[in-house]
Amino acid sequence: TTFKILVDGYARKAKEGWEATTNTVLIEDSGKKILVDPGMNEGLLLKGLEKEGLSTNDINLIFLTHHHIDHILNIRIFPKTDLCDGGDMNADGKIFCYEGKIPGTNIQVVKTPGHATEHACLIVDTEKGKVCIGGDLVWWVDGVEQKTDRESLINLKDPCAFDMVKLKESRKKIIDQVDWIIPGHGKMFKVVK
């Protein structure tokens, strides 16, 4: 299984609201090209795909870590691509539920409520070790130092969290089983155990 970050996510406080798009990751597993969180900056996403020699038609599946607009808006440029999230999948015009792994792949899906009720992360076995594509399990506003020691990660404040108690539990669960985390906004980092 291989992965590549196609879009470097950002989150900036604007005069009103936020300017944001998520880290968008391409995973290749079991002969499938899976895009995780297509984000909302269409230009950056198309440029990232083009750099890899891909078009929107080359993506077999889109995985959504959660349903916040800065993570999902660009699904509109993939009208025929199958979608899945932490438990539901749309394939061949049908919707069905699944658990454990994205069907037909080796990619582990872990439910991680807290930032949003439906939030889920992916864990991918790679040459680098176990990589978590974490959505907004953890994320940073641009310009804020990414403190990645265990305590800082668990206690990182999330101004958009649905439930901080559940989020902290989800963070502990993931931190204890992975080597690397790709956050929703911020740089990929090694987990120090």
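The open sheet of 7 strands runs in the order β1-β4-β5-β6-β7-β8-β9, and its pairing is mixed. Before I go on, please note that this is a predicted model. The edges of this sheet are β1, residues 2-7, and β9, residues 94-97. Each of those two has a single partner strand, so one side of each is left without a neighbour in the sheet. On average, neighbouring strands here are turned by 20 degrees against each other, with direction ignored.

If you want a residue pair to look at, Met 89 has Phe 96 in β9 as its bridge partner. Helix α1, residues 42-51, packs on this sheet. The helix touches β1, β4 (24-29) and β5 (32-36), and its direction makes about 140 degrees with that of β1.

Now the other open sheet. It has 5 strands, ordered β10-β11-β12-β13-β14, again with mixed pairing. Which strands are at the edges? They are β10, residues 108-111, and β14, residues 189-190, each of which pairs on one side only. Strand β13, residues 180-182, runs antiparallel to β14 and is joined to β14 by 2 bridges. Within that pairing, Ile 181 stands opposite Phe 189 in β14. A helix packs on this sheet as well: α4, residues 164-175, touches β10, β11 (120-126), β12 (129-133) and β13. The direction of α4 makes about 150 degrees with that of β10.

Strand β2, residues 10-13, runs antiparallel to β3, and 4 bridges join them. Ala 11 has Ala 20 in β3 as its bridge partner, and Lys 13 stands opposite Trp 18 in β3. There are 4 residues between the two strands, and in this hairpin Gly 17 takes a positive phi near 80 degrees.

Trp 18 comes up again with the aromatic residues. Searching the whole structure gives 2 aromatic pairs. In the pair of Trp 18 and Trp 139, the ring centres are 5.7 Å apart and the planes are at 70 degrees; an angle over 60 counts as edge-to-face, so that is how this pair is classed. Why does this pair tie together parts that are 121 residues apart in sequence? Because Trp 18 sits in strand β3, whereas Trp 139 sits in the loop between β12 and α3, the helix at 150-155.

Last, the largest pocket. Its volume is about 200 Å³. The lining has 13 residues, and those nearest the centre are Trp 18, Ala 20, Asp 70, Cys 160 and His 185. So which elements supply at least two residues each to that lining? They are β3, residues 18-21, and α2, residues 69-72. The largest share, 3 residues, comes from β3. By class, the lining is made up of 7 nonpolar, 3 polar and 3 charged residues.

Key
Residues numbered from 1 in each chain as written. Predicted model: local features only at pLDDT ≥ 70, side-chain atom pairs only at ≥ 80, totals over all residues. Heavy atoms only, no water. 1 Å grid on protein atoms, 1.4 Å probe; cavity = no way out; pocket = protein on both sides within 12 Å on 5 of 7 lines; lining within 4 Å. Points joined across faces, edges and corners; volume = space filled by probe spheres on them. Nonpolar A, V, L, I, M, F, W, Y, C, P; charged D, E, K, R; others polar. Pairing = 2+ DSSP bridges. Contact = heavy atoms within 4.5 Å. Axes fitted to C-alpha atoms, helices over the stretch in contact; angles between N-to-C directions. Phe/Tyr/Trp six-rings, centres within 6.5 Å; stacked < 30°, edge-to-face > 60°.
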